[in-house]
Structures are given as C-alpha cells and as structure tokens.
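Hi everyone, thanks for coming. Let me put a structure on the screen and walk you through a few parts of it.

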Amino acid sequence: MREDFFLGIDIGSVSTNVVLIDKNGEVIESMYLRTQGKPIEILQKALGTLYEKYGDSLRIKGVGTTGSGRHLASLVVGADIVKNEITAHAKAAIFFVPDVRTIIEIGGQDSKIILIKDRIVIDFAMNTICAAGTGSFLDRQAERLNIPIEKFGEIAIKSQNPVRIAGRCAVFAESDMIHKQQLGHPCEDILFGLCLALARNYLANLAKGKRLESPILFQGGVAANIAMKKAFEQLLGIQIIVPKYYNVMGAIGIALLAKERTKGLITKFRGFENIHRCKFETKGFECRDCSNYCEVVGFYSNGNLVARWGDKCQKYSSNRNYHIENSKNL
C-alpha cells in the first residue's frame, strides 16, 4: 500500500541533507551527505538510495528545497516550494519546540542566529564571510591535529584549563593554536580553548546587540560537537538544547512547508525514476552585451535548456520558453 510522504532538501556548500516525513510530520528517513562540489550528482544519489529502500511504497505529495543550492535543486526535483534557510530552520525549530526563542545555527560555511517570539521570526543575522567558527574551520583544525572530527568534542570536553585563543579571525586563531602547541599546552585545553574562542566570536558578531532568551536551540552540523554546546552554555549561563535531528533541521523545515503548500494540490515532483534517468548539466558564459559582463548560467535537462540565471538585466532569465519535461510522480 502506497503512503503519502513529503520530501525536504537542503543543499549547502558542505552538506546535502534530504529528509522524508509523513503526513504527521514524523521523520521517516534522514540523510546527511557531503556535497563534494557536486550538488546535482549527490542529490540524484540520495534520491536513488531512498527509492531503492522504499520503492513503490513511496508516494511523494510535496517537495521543498532550501539552502544555498535551493534554486538548482528545485529545477532538478520539481519543487513545490523554495525558501531560504532562515525560514526553514525556524519552521523546524518551532515544530519540535513550540516556545523556542533563540536558534543558534552553525553549518559548514556559514552561521546564523534567529530570534523568535510567539512562533514568528522577529530578527536574524547571518555570517557568510568569515570562516572562523564554521564547521569547515573546525574540520581543518581537527585534520591538522590528526584528530577525527567525530572525536573533537569528546576530547575537548576533558579540558581542565582551557587556553585563551584569538577567535576573531580564522588565520589568527590557527596561528594562536600553533603557538599554544609549541608552548606545550595539552591538546584538550587547546581544543576547548578554540571552542570558547569561536563561541565568543559568534556572540560578539552575530548576536551583538541582540537579547538571547531561552529556550535556545543549537542546530547545524557543528551542534554534534558537545564541547561547542558546553562553550555556549558556559558563556551564556543558559542551558542549550540540541534537537534530535540537529543536522537536518533545514530539510525538515522545508518538508513541513511543502506539506502545507501542497495541501489539496498536485505536486510538481518529477518522480524518482525520472530524476534518476535525466542527465542534468550546467553551462556558463560571460555576456558581453554591456559593461556588466554578467556570468550567465544555463541549466540543461537531457540537453534541453530549462532555465538561466545570473544576468542582471534578465535578458536571458526572463525567457520562459524553455523545454519543460512532463512530470510523473513515479
């Protein structure tokens, strides 16, 4: 018997997250994959794995996309709704903790703070410029110290005397860590000192001038690091909640939004087999029609142009006479 499900897809520069929820919002399946600079290929692989596992029992009633690759993903799957990460993360957080007031979200390449009151987002900020405090920076430091990233928090939390590290800039933080190593400080004290530095940097920049009230949820891949949670709790003096699905909250949020959007409507989802069979590719060129020299990107499905973007004057992107293949929810 086929059951109704909703797909949520969150494509970032570091990870591609896919979740499957049922009509009650319960998470049936969640996948966290490394994007590896190949978002289309990884997304096709994730959906193929889902289809292999569940087969014809899956009937997708709605699909949503979010993350920095949300527009590209929406073309691949035929999304019913496309929303930014702030909206998606807030939706999931409110679903699991209805009275949530603050969301700390730290992903692979960026970090966010979202303030909520009466289940409505009232303020937010994003940091997409500095790498200090993001998952990729912690990955790099763990690799440099020859420590598996999965063990980072476990080791750091043993610290008794964390060292002081300058966390305002990724370059300075790394130099400071090397200096502390040369002075002979224990590894756990350096690691927890780094966690404290990154938490201070987050609070001094993203949370500057904002009032962080509890309940506070800590989401994103970095929330797996128990030492980062401890660092925030130590600096704020407030207990931090790490939700069960902390690393796929954006995907859950957009799946919930897709469920609401498609109520009583027919989904645009292209179907697992259709997506698997299609050959997707992008091609770019520099437009020299004016001094802007826009880098225009074209998205092709089986050799047919589906969409274009990147042109400031919308000379190419406003042309909607592209080939659209018939959708079938296979």
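Let's start with one cysteine: Cys-195 has 0% relative accessibility and so counts as buried, where buried means under 20% relative accessible area, exposed over 50%, and partly exposed in between, with a 1.4 Å probe and protein chains only. Before I go on, please keep in mind that this is a predicted model, in which local features need pLDDT of at least 70, side-chain atom pairs count only at pLDDT 80 or more, and totals for chains, interfaces and linings use all residues. Residues are numbered from 1 along each chain as its sequence is written, and side-chain values use heavy atoms, with hydrogens and water left out.

Five strands form an open sheet with mixed pairing, in the order β8-β7-β6-β9-β10. Strands are DSSP runs of E of at least two residues, helices are runs of H or I of at least four, and both are numbered from the N terminus; two strands pair if DSSP finds at least two bridges between them. At the edges sit β8 (120–127) and β10 (240–241), each pairing on one side only. β10 runs parallel to β9 (residues 216–219), with 2 bridges between them, and Ile-240 in β10 is the bridge partner of Ile-216.

Next, where is the largest pocket? It lies between domain 1 (4–89 + 250–277) and domain 2 (98–242), because both give residues to its lining; the domain bounds come from an automatic or database domain assignment. Of its 39 lining residues, Tyr-32, Gly-107, Gly-108, Gly-221 and Val-222 are the closest to the centre. The lining divides into 12 nonpolar, 18 polar and 9 charged residues, with Gly counted among the polar ones.

Which helix gives the most to that lining? That is α4, with 4 residues. Leu-138 and Asn-225 are 87 residues apart in sequence, and their C-alpha atoms are 9.7 Å apart in space.

Notes: 1 Å grid on protein atoms, 1.4 Å probe; cavity = no way out; pocket = protein on both sides within 12 Å on 5 of 7 lines; lining within 4 Å.
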